[in-house]
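Subject: Structure handover

Hello,

Here is the structure I said I would pass on. Please open it and keep it beside you while you read the notes below.

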Amino acid sequence: MLTEEQKELVKATVPVLRANGVALTEYFYNRMLSNNPELKETFNMGNQRSGAQAKALAGAVLAYAENIDDPSVLAPVIELVCNKHVSLNIQAPDYAIVGENLLHSISEVLAISMDDPLISAWAIAYGQLADLFIATEKAIYSEHETTAGSWLGWRNFIIKSKIKESDEITSFYLTPEDGKPLPLYKPGQYITLRIMVPELGIKQPRQYSLSDSPSGEYLRISVKREYARTEDHNPGYVSSTLHQVVQEGDRVELSAPCGNFFLVNADNSNVFISAGIGQTPMLAMLNQLVTGGSSTENELTLPGKTEAYFSSVNQVKKPIYFIHAARGSNVHGMRAEVQALANENPHLHAFVAYENVVAEDILGKDYHLQGRLDLKQLPESYLPKDADYYLCGPAPFMQQQRESLLELCIPVERIHSEAFGPGGVAL
């Protein structure tokens, strides 16, 4: 355990971390990946290239130092990170590699000896955090072991279908190569897909939300291709490979569904607010609500869900509001799917905002608002006070919608969100 003196040493590094945390974590990643090149198939090299991973880790280290007296306040973040770690098949021995390189990085960047009391304090602090992560991840791994149809590590899947949804989005229907059952995951969760990237000559993992409710037959992901729109914006390694190289019949590796963003209460009114590719977990939850997903006769079980749950989902008629923002109709994927569900289910109300409208777009049919989504312009009935709200999209979008919901007196405990980017993979 950390002594009070050691806690003070850790807290004394807070100003340094605020000023130079990214420089430290960039140094750390370069050091670790040079010493352990096999980890390049675990870490997102696109985020390494952009610096996003270093920024995420710098923020995590700073938050830990700031809350060293009571790390329990970081519990929601730890749960998020641990789910990401399990999806990447990170194991307990990996923490020793990270710890060794992190401590040496602190020593080398700050030009202090490894015998310095500050290094000793951080060694104990990191060890305590690692033990917490390992214990949390062990519980998640155990849940996969006891969940019918789930698995540990990587499992080979075949791309059964590859369907273009818009100018930027393609859906991939994935079936297990071994022909064994699939788990009834919680709608809103994600898988990690790992694939060889020819440009890098190594495999790369990426998390993708499952964009359909459990079927027992396939897993569906809907992937946005990341283009190089500017000199400072590089194309996505994995998304480009999936869109350009991978074909139907090809093999990919998947980890089992993970994540703590999922449907909370099927019996309540639910409001889904998304932007761009952020609609993918929403689609899974929406399909679960209106179709009930897999048959209740299916032998697979969903942790925490009973046959009565699926029965209630099939019968639920509480209002559902699916609110989506897109740059325009050309990049609006799966809109026909949502519209078909709305036509078949009178209690489902869809609302679309387009930043850019073309002549073919019909107001009231294809879209309902021109410009950026402003919740205050929606009909009041679309934002019931007692509903559960789900947000997914770029961080600025979610922050704006969250602020709008709070201004509209939606209770904060009813607002649930899923973050994009590398923030969920801290260590």
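Both faces of strand β2 are covered: I169, S171, Y173 and T175 on one side are buried, and so are T170, F172, L174 and P176 on the other. Buried here means under 20% relative accessible area, with exposed being over 50% and partly exposed in between (1.4 Å probe, protein chains only). In a regular strand, side chains alternate between the two faces of the sheet. Strand β2 covers residues 169-176, and eight of its eight residues are buried. Helices (H or I, at least four residues) and strands (E, at least two) are DSSP runs, numbered from the N terminus.

Before going on, note that this is a predicted model, in which local features need pLDDT of at least 70 and side-chain atom pairs count only at pLDDT 80 or more, while totals for chains, interfaces and linings use all residues. Residues are numbered from 1 along each chain as its sequence is written, and side-chain values use heavy atoms, with hydrogens and water left out.

Which strands pair with β2? One is β1 (residues 155-164), antiparallel to β2 over seven bridges; two strands count as paired if DSSP finds at least two bridges between them. Four residues separate β1 and β2, and the two form a hairpin. F157 is opposite P176 of β2. The other is β5 (residues 219-224), which also runs antiparallel to β2, over six bridges. There, I169 has K224 as its bridge partner.

Next, the rings. The whole structure holds 12 aromatic pairs. Rings of Phe, Tyr and Trp (its six-membered ring) pair if their centres lie within 6.5 Å; planes under 30 degrees apart count as stacked, over 60 as edge-to-face and the rest as tilted. One of the pairs is Y321 with Y382, which is tilted, at 5.1 Å centre to centre and 45° between the planes. Y321 lies in strand β8 (residues 320-326) and Y382 in the loop between β10 (369-370) and β11 (388-393), so this pair ties together parts 61 residues apart in sequence. Y382 also pairs edge-to-face with F351, at 6.1 Å centre to centre and 75° between the planes. F351 is in strand β9 (residues 348-354), so its pair with Y382 ties together parts 31 residues apart in sequence. Y321 and Y382 are both buried, and F351 is buried as well. Elsewhere, ring pairs join F261, F272, F322 and Y390 into a cluster.

Lastly, the charged end of R49 sits over the ring of Y237, 4.0 Å from its centre. The criterion is NZ of Lys or CZ of Arg within 6 Å of the ring centre and within 35 degrees of the ring normal.

Regards
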